[in-house]
Amino acid sequence: MDNVFYSLQDFMLHTKTLTYILMGLGLPAMLGWWLFLTGRDEEIRKY
Amino acid sequence: MNATTDRKKTALLELLRTPGNILTAFILALGLCITVLRFTKGLAGVTNLNDNYPWGIWISFDLLCGVALAAGGYAATTACHLFGLKDFRTSVRPAVTSAFLGYAFVVLALHYDVGQPWRLVYPIFLSQGTSSVLFEVGLCVFIYLSVLALEWSIAVFERLGWKKARARIVRLTIPLTVLGVILSTMHQSSLGALYLIAPSKMHPLWYSPFIPVFFFVSSIFAGMSMVIFEGSLAHRFLRGQMDEEHIRRGDAVVFGFGKAASITMLGYLLIRLYGVALDDNWRFLPTGYGLWFIAELAGFVALPSFLYALGVREKNTRRIRFAALLTIAGIVLNRFNVSLVAFNWQLAPEEKYFPHWMEIAVSAFIVTLIITAYRLICAYMPILRDDPDFETH
């Protein structure tokens, strides 16, 4: 991953693209983790 | 009468002769001797601090770890008073007590570290450096310690039987909790922001423009883990001081904070990765520092987060308590990495700082003081039990 960048534009485009991809993967990961975490919780009905 | 008094004295002496108490007495005596040396010989007499490392273990451990681990105060009060999770009510007073003691002893420890400790009040009252991050930290710690003292005073007033004074403070519960959250958000993050001034001195894997966010988010699960850890210690060693409700609700606190810590730690893990991605620091990962960075994140963030999740799913309190211990170790490791290991990483090994044994002894002295004070407070005040003369709030 040793990239050579010739301008700040190149650098920002590369790092932000990668970060947004990671964020896109991170959000469903958080959701999946929450479902795993609460998978065995008893359902509490308040109605 | 004399025989009874003698028996009581003998029983008290026997009680004080336990190995734990003897060790406590030794550490306190040693700490007092080093205190005399520190204030007569100066910093050079007891520390290995130098121009490359003006901040050593007293900042890394006593201040950075102390403040992060005292975050249980705002975590518990927010959960109970702002989010209305009344299952956590029994954890509030112990958490506020340990937070109050934690911050009070952070201020005490600063007296050892500051070259001219009598000037510690200058930034607040005499010469406000409003453009300095350190001023903001000092001001927030000063105000938050006052807020914690007020929150904690409810237990003091119950002990003294001062009903009117207690009622006045109880009425302020919500404003004090809100103030506590705001101040904690500010100074927990600002402790990280202190390192923004040194991008060239810090290893790129630990330096990030987002380091204040890392410090704040990590303080959230550090506080929750401390509440779980302290609760398990109290259940084991101070069970005699606890009432039925505190014992019964202990597991609900462990599962609730375990769940919250697990998801928060996953979020923290992700933002640390985003930090690496935004600065394009992937090339440092296959190096020695990189492996250490991976060890910190995998072993002390990802693993305890997973153990918390497993423990919550399987209703296994032992696993959650182990995860809490691992998380606390991870917070200590992170603060040491930021302030010592990754700091001045380009210096030659012989120029690196290693604390003098007296610096370590002073830190042990401070921790022992906190534990001793906590035990005394729990013995004499309604911290782990409700006072039957007062309504719960």
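Colleague: How do the axes of helix H4 and helix H6 of chain B cross?
Modeller: In this predicted model, the axes of H4 (residues 57-69) and H6 (residues 89-113) of chain B come within 9 Å and cross at roughly 165°. Axes here are lines fitted to C-alpha atoms over the stretch in contact, with angles from 0 to 180 degrees between N-to-C directions. Helices are DSSP runs (H or I, at least four residues; strands are E, at least two), numbered from the N terminus.

Colleague: Which residues make the contact?
Modeller: From H4(B), they are Trp58(B), Ile59(B), Asp62(B), Leu63(B), Gly66(B), Val67(B) and Leu69(B). H6(B) contributes Gly102(B), Phe105(B), Val106(B), Ala109(B), Leu110(B), Tyr112(B) and Asp113(B). Contact requires C-beta atoms, placed from the backbone, within 7 Å.

Colleague: And by class?
Modeller: The contact of H4(B) with H6(B) has 10 nonpolar, 2 polar and 2 charged residues. Ala, Val, Leu, Ile, Met, Phe, Trp, Tyr, Cys and Pro count as nonpolar, Asp, Glu, Lys and Arg as charged, and the others, Gly among them, as polar.

Colleague: A change of topic: where is Pro382(B)?
Modeller: Pro382(B) lies in the segment after helix H15 (357-380) of chain B.

Colleague: What does Pro382(B) touch?
Modeller: Leaving out residues up to four places away in sequence, Pro382(B) touches Ala155(B), Glu158(B), Arg159(B) and Asp387(B). Pro382(B) is partly exposed, with 19 other C-beta atoms within 10 Å; 20 or more would be buried and 12 or fewer exposed.

Colleague: How many helices and strands are there in chain B?
Modeller: Chain B has 15 helices and 0 strands. Its radius of gyration, taken over C-alpha atoms, is 22 Å, close to the 21 Å from the globule rule for 393 residues, so chain B is as compact as a globular protein of that length. That rule is 2.2 Å times the number of residues to the power 0.38.

Colleague: What percentage of chain B counts as buried?
Modeller: Of its 393 residues, 42% count as buried.

Colleague: How many residues of chain A are in contact with chain B?
Modeller: 18 residues of chain A are in contact with 16 of chain B.

Colleague: Which conventions apply?
Modeller: Residues are numbered from 1 along each chain as its sequence is written, and chains are lettered from A and ligands numbered from 1 in the order in which they are written. Local features need pLDDT of at least 70 and side-chain atom pairs count only at pLDDT 80 or more, while totals for chains, interfaces and linings use all residues.

Technical notes:
Contact = placed C-beta atoms within 7 Å.
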